[in-house]
Amino acid sequence: MEDLLTYAMNTNSTKEIPELTVSQISSEIKRFVETAFAKVRIKGEIFGAKRADSGHWYLSLKDENAVLSAVIWKGVAIHLPLKPEDGLEVVATGKITTFAGKSSYQLVIEQMEVAGTGALLKLLEERKKQFAAEGLFDASHKKPIPFLPQTIGVVTSASGAVIRDIIHRVKDRFPSHILLWPTPVQGAGAEIKIAEAINGFNQLSNKPDVLIVARGGGSLEDLWCFNEEVVIRAVYNSQIPVISAVGHETDTMLIDYVADKRAPTPTGAAEFAVPVRSELAAQIHTLQARLISGSSRYISERQTMLSGLARGIPNLQQILHEVTQKFDDRIERLNLSFGNLLKTKQNQLDLSGLKPYFVKNIFEKNQENLNNLLLRLQSVSVDSVLKRGFAWVRNENGQTIYDVETAQKSSQLEVKFYDGSIKLGSTSKAPKKITPTTKTETKNVQQTDLFNF
């Protein structure tokens with residue numbers, strides 16, 4: 001077939017050109033193109049990028065005059081250092097292949113990188129605006145760095161100088177336990193490993209108190225993995241405070257905006273993580289000295305104040321002596337006054353001219369009157385009246401009955417004699433009503449009863 005194409009290109013006679021089928025010519029073109037362009041690097045601007053459900057990416061590269069279709073297979077796409085985005089100028093490495101079904105050709109991309117620092121800075125600014133709009137950089141979300149962490153987690157390369165600088169700096173300042181999660185810090189797939197390390201630290205049962213994500217200096221392309229979305233969201237979602245220390249002091253990556261603390265260098269991150277033990281000891285010593293001095297001064301001031309107050313308080317024995325003296329004086333005055341009172345009364349009694357027998361006659365007379373009153377009281381007592389033949393009739397409520405009508409209305413009667421009492425119930429035969437024969441026999445309701453007290 002190659003001889004036929006060579007012959008066709010070199011002959012001028014139409015009749016001498018060999019006849020080919022469509023499949024034959026398409027196959028020859030495919031072989032020729034894929035052989036001639038088996039490895040190419042093409043610079044262009046991405047547009048029309050879209051990801052299929054299968055995981056493959058379909059896009060086009062363009063410049064001012066032409067458009068080239070391209071495809072990124074799924075196995076390659078997951079390892080690319082950047083995500084295809086419209087408007088991004090890239091350099092794609094791959095091979096040209098044809099598609100006979102549509103008589104078209106396309107670039108199968110195997111590697112892709114941003115074309116130039118300017119394009120990277122443009123992409124960096126766009127991502128910064130996107131993440132800021134989502135609130136990933138808000139200060140309200142940032143967590144405080146612990147003052148004295150017991151365990152420090154470090155995400156960096158195990159073979160670089162960064163981890164050694166961090167270990168030495170922490171050891172010099174305040175020795176703490178360092179737990180390293182080794183990861184690549186540049187190249188394809190580095191951002192995934194870094195995000196997995198941050199998430200892995202957060203899933204440990206004994207979590208570190210603080211994380212340091214660090215890398216030494218490098219170009220923007222070398223540090224690009226710290227601008228990837230997967231790393232930014234891993235830092236944002238971390239429950240452990242994160243200190244970012246990527247590149248030199250002049251390098252600013254997106255991880256610096258989302259981290260809880262940004263350090264200019266990995267050594268600076270170690271300084272932010274732990275204090276200086278000697279400075280803490282000196283500070284404690286100073287505070288201890290101030291405490292002792294302040295306590296002594298406070299006690300001295302209070303003793304001086306107490307002494308001043310004590311001078312204003314009289315002597316206790318003196319107070320007791322004065323009170324005792326006043327008490328003795330009052331007793332003496334009381335005895336004198338009471339004696340004078342007795343003398344005054346005796347003088348008054350002597351002046352009245354009363355003789356003892358006059359007092360005796362008055363007493364005997366009053367005693368006789370008292371005895372007469374007692375005899376009169378006994379003569380009208382209940383027992384004396386009952387002994388003279390009277391009876392005391394009361395109803396069930398203890399009220400005295402004065403007439404037959406009231407007695408007939410009562411359900412129970414009690415008749416008291418001088419030697420006892422009897423009760424008449426409702427079943428007893430009611431006594432016959434006695435009508436008074438004379439007016440003088442009718443009881444006067446206003447008369448006072450001897451039995452009512």
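Select helix 6 (residues 190–203) and helix 7 (residues 229–236); helices here are DSSP runs of H or I with at least four residues, strands are E runs of at least two, and both are numbered from the N terminus. The two helices are roughly parallel to each other, a term for angles under 35 degrees, because their axes cross at roughly 10°. These axes also come within 8 Å; they are lines fitted to C-alpha atoms over the stretch in contact, with angles from 0 to 180 degrees between N-to-C directions.

This is a predicted model, in which local features need pLDDT of at least 70 and side-chain atom pairs count only at pLDDT 80 or more, while totals for chains, interfaces and linings use all residues. Residues are numbered from 1 along each chain as its sequence is written, and side-chain values use heavy atoms, without hydrogens and water.

Next, display the side chains between the helices. E191, I192, I194, A195, I198 and N199 of helix 6 meet V230, V231, A234 and V235 of helix 7, where contact means heavy atoms within 4.5 Å.

Now select W181 and F201. Their ring centres lie 5.2 Å apart with planes at 65°, so the pair is edge-to-face (centres within 6.5 Å, planes over 60 degrees apart). W181 belongs to strand 7 (residues 177–182) and F201 to helix 6, 20 residues apart.

Finally, select F131, F137 and Y257, which form one aromatic cluster.

Terms used. Parallel < 35°, antiparallel > 145°, perpendicular 65-115°, else oblique. Phe/Tyr/Trp six-rings, centres within 6.5 Å; stacked < 30°, edge-to-face > 60°.
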